[in-house]
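Subject: Structure for your review

Dear colleague,

Please find below the structure that I am handing over to you. My findings follow it.

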Amino acid sequence: MARSLGRIFRGFQSLGSLAFMKSELSNPPASVSLKSMVQTLPSLFSSNPRDFSLPNPSWGTEMRQLYEHYNSQCEAVTDGGEEQSGLWKRLPSYNRSLKYAAGGVYLSKIIQAKARLFTRNIRDPGAAFEYVIFANKKEQRCVCIFQAGHLLEGPPGNVHGGAIATMIDTVTGTHACVHSGPVMTANLNINYRSPIPLGSTVLIESSLDKKEGRKTFISCKVTSADGARLHTEATALFVSISVGQLMKG
């Protein structure tokens with residue numbers, strides 16, 4: 001009996017939430033536009049995927065300043081439709097890699113429909129991985145501006161080493177893809193030099209060392225925003241794979 005009443009009560013709560021949402025959308029407060037309200041709804045209501053590399057309110061001053069510094073040097077299209085050359089290119093970032101990748105028995109469409117990229121699976125802005133990557137193909141470099149959220153804690157007040165490794169793998173792997181197409185991580189060697197405080201902004205810089213056949217060698221360092229403090233150093237090896245291999249898993 002108690003369980004039945006509980007289910008009925010939860011049902012009324014759900015109906016109440018839906019009614020409230022309908023009321024808010026029909027009669028938005030004077031201080032909030034309908035457009036801004038729709039933008040806050042879950043992405044499943046939108047046909048345009050969210051680009052996580054664009055600024056959001058959680059970005060701190062240092063992250064915004066560094067973003068503007070590199071973005072101002074990016075390729076762009078003027079209002080007149082003319083292409084403006086630049087040394088850097090901002091790389092868009094979404095929460096999915098492939099929509100329905102073929103693979104093992106567990107990669108059913110139901111599971112794949114719920115899959116999200118590991119570094120982009122937190123809805124709350126600023127809670128975990130906030131980052132944007134810029135590539136400079138001519139100089140064979142990549143720069144990532146990374147702001148670590150409170151959910152990435154390891155040692156008290158500092159970022160977990162696994163979260164740092166995740167970002168190094170993300171940046172170096174992206175850099176390898178720029179030069180070699182689809183790749184998989186073969187080796188990642190990391191030396192931690194000093195802790196990264198939670199909430200701080202750091203630079204993750206990678207450079208192409210060499211390419212040998214299917215192998216791409218990348219080196220990387222993580223520094224404070226001003227470059228004065230070295231936090232982490234790493235080297236990575238990536239192996240090129242075909243699209244077919246990627247789809248098979």
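The model is predicted: local features need pLDDT of at least 70, side-chain atom pairs count only at pLDDT 80 or more, and totals for chains, interfaces and linings use all residues. Residues are numbered from 1 along each chain as its sequence is written, and side-chain values use heavy atoms, with hydrogens and water left out.

Helix 5 and the cores

Helix 5 is mostly covered, with 14 of its 20 residues buried; buried means under 20% relative accessible area (1.4 Å probe, protein chains only). Gly181 follows helix 5 and has a positive phi, near 75°.

The largest nonpolar core has 25 residues, of which Phe129, Cys144, Phe146, Leu152, Met167 and Ile204 touch the most other members. Such a core is a set of buried Ala, Val, Leu, Ile, Met, Phe, Trp, Tyr and Cys residues joined through side-chain atoms within 4.5 Å. Helix 5 gives this core its largest share, six residues. A second, separate core of 13 residues includes Met63, Trp88, Ile145 and Ala225.

Ile204 has contacts (heavy atoms within 4.5 Å) that include Cys144, Met167, Val171 and Val222, leaving aside residues up to four places away in sequence.

Phe238

Phe238 belongs to strand 9 (residues 230-240) and is buried, at a relative accessible area of 1%. With residues up to four places away in sequence not counted, Phe238 touches, among others, Asp169, Thr172, Gly173 and Ala176. Pro182 is 56 residues from Phe238 in sequence, and their C-alpha atoms are 9.5 Å apart in space.

The cavity

A search of the whole structure finds one cavity of 30 Å³ or more. A cavity is a set of points, on a 1 Å grid over the protein atoms alone, where a 1.4 Å probe fits but cannot get out; lining residues have an atom within 4 Å of a point. The largest cavity holds about 90 Å³ of space, a volume being the space filled by probe spheres set on the points. Its lining has 14 residues, with Phe52, Thr119, Ile122, Phe129 and Glu130 nearest the centre.

Yours sincerely

Methods
Helices (H or I, at least four residues) and strands (E, at least two) are DSSP runs, numbered from the N terminus. Buried means under 20% relative accessible area, exposed over 50%, partly exposed in between (1.4 Å probe, protein chains only). On a 1 Å grid over the protein atoms alone, a cavity is a set of points where a 1.4 Å probe fits but cannot get out, and a pocket is an open set with protein on both sides within 12 Å along at least five of seven lines; lining residues have an atom within 4 Å of a point.
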